[in-house]
Amino acid sequence: MFYFQLVIMAGTVLLAYYFEYTDTFPVHIQGFFCFDKAFSKPYPGPDESSNVPPVLVYSLVAAIPTITILAGEVMVFFMRSEGMLEKTIVTADCCYFNPLLRRIVRFLGVYTFGVFTTTIFASAGQVVTGNQTPHFLSACRPNYTALGCHSNLQYITERKACTGNPLIVASARKSFPSKDAALSVFSAVYTVMYVTLVFRTKGTRLTKPTLSLTLLCLAMLVGVVRVAEYRNHWADVLAGYFTGGAIAVFLVTCVINSFQQTKPPPMPVRPQRPESVLGMPMVALPCVESPLEKLSGTQVRGGSGLVAGLHT
Ligand SMILES: *[C@@H]1O[C@H](CO)[C@@H](O)[C@H](O)[C@H]1NC(C)=O
């Protein structure tokens, strides 16, 4: 069954690739009002010239959770008392995983899956809606004389109305939701939930909130810069935040939750109410089969699962 998860993963990566680098899914062509002020902001240059270029966003999205999870798992592994460790776990009749490696593969695997899912959600939204960026008319450079524009109430549906660079025009049609905002919020929320739920060491009382708020603040900033540079509207950024945040919450509460052993592990030393996580009553989310859950063999489901699962 482990190989089946790899097939799903490969499919997700492939779909994200097709959205990102090919024109397999052509963007929906929306019309526009002549001289529309909402789309007439100056062209800010290609994404690479932004203050927060994609290279920086994607590097941080890849590096910060990876480093946090690796450091966290190594710390948890060495601070754990010997009795609580399972020695080796038989996985899918084929491989033996060391428990440290198994947890790292689990958290990073679900994270990677989430990154590509978020990319697909955001790209699909952009292609299907075809909403224009605030600098759309500057990139499109319609010939208003030829189109017969006199007032700003005229709506242009002409598909070949743009005279600008076709590549820039095509990317100026992909605005809703903001992919950068979605990816950075996904990354931040996943990391924050990981840190909050896994680190239960004394003396981390202010470390955890500081780290969490810093990450969330950085992620929000990505969206704010997108708006400030006329690359997205507020609605695009808010929809991006929501997409990324919702996917992260879903993956942590539903999918990681279901990574459990047949034998429930001993409960953490610190007593806690089983129905409560982060001091809030746990919401009973409708959980589906996880694409990666078979990684750890059979599992038990239940309301108290999240806390127990994270301490496996
Ligand atoms: C716009 O269209 C008009 C009429 O077709 C043409 O005379 C004019 O040269 C065009 N202007 C530009 C900048 O292409």
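Buried means under 20% relative accessible area, exposed means over 50%, and partly exposed lies in between, with a 1.4 Å probe and protein chains only. By that scale, aspartate 180 is buried at 6% relative accessibility. The model is predicted, so local features need pLDDT of at least 70 and side-chain atom pairs count only at pLDDT 80 or more, while totals for chains, interfaces and linings use all residues. Residues are numbered from 1 along each chain as its sequence is written, and side-chain values use heavy atoms, with hydrogens and water left out.

A salt bridge here is a side-chain nitrogen of Lys or Arg within 4 Å of a carboxyl oxygen of Asp or Glu. The whole structure holds 6 salt bridges. Aspartate 180 pairs in this way with arginine 226, their closest N and O atoms being 3.8 Å apart. The pair links distant parts of the chain, with aspartate 180 in helix H7 and arginine 226 in helix H8, 46 residues apart. Helices (H or I, at least four residues) and strands (E, at least two) are DSSP runs, numbered from the N terminus.

Arginine 226, buried at 13% relative accessibility, also forms a salt bridge with aspartate 47, where the closest N and O atoms are 3.7 Å apart. Aspartate 47 is partly exposed, at 31%. A further salt bridge joins aspartate 47 to arginine 231, with the closest N and O atoms 3.2 Å apart. Aspartate 47 lies in the loop between S1 and H2 and arginine 231 in the loop between H8 and H9, so this pair ties together parts that are 184 residues apart in sequence. Arginine 231 is buried, with a relative accessibility of 3%. Asp47, Asp180, Arg226, Glu229 and Arg231 are linked in a network of salt bridges.

A pocket is an open set of points on a 1 Å grid over the protein atoms alone, where a 1.4 Å probe fits, with protein on both sides within 12 Å along at least five of seven lines; lining residues have an atom within 4 Å of a point. The largest pocket is lined by 39 residues, and Asp47, Leu167, Ala170, Ser171 and Lys174 lie nearest its centre. Its volume, the space filled by probe spheres set on the points, is about 1200 Å³. Helix H6 gives the most to the lining, with 6 residues. By class, the lining has 17 nonpolar, 10 polar and 12 charged residues.

The loop between H6 and H7 contains proline 177. A cis peptide bond joins phenylalanine 176 and proline 177, with omega about -5 degrees.

Arginine 141, in the loop between helix H4 (136-140) and helix H5 (144-147), has a positive phi near 45 degrees although it is a residue other than glycine. Arginine 141 is exposed, at 53% relative accessible area. Tyrosine 230 sits in the loop between helix H8 (207-228) and helix H9 (234-255). Its phi is also positive, about 60 degrees, and tyrosine 230 is partly exposed at 32%.

Leucine 15 lies in helix H1 and is partly exposed, with a relative accessible area of 35%.

Definitions and conventions
Nonpolar A, V, L, I, M, F, W, Y, C, P; charged D, E, K, R; others polar.
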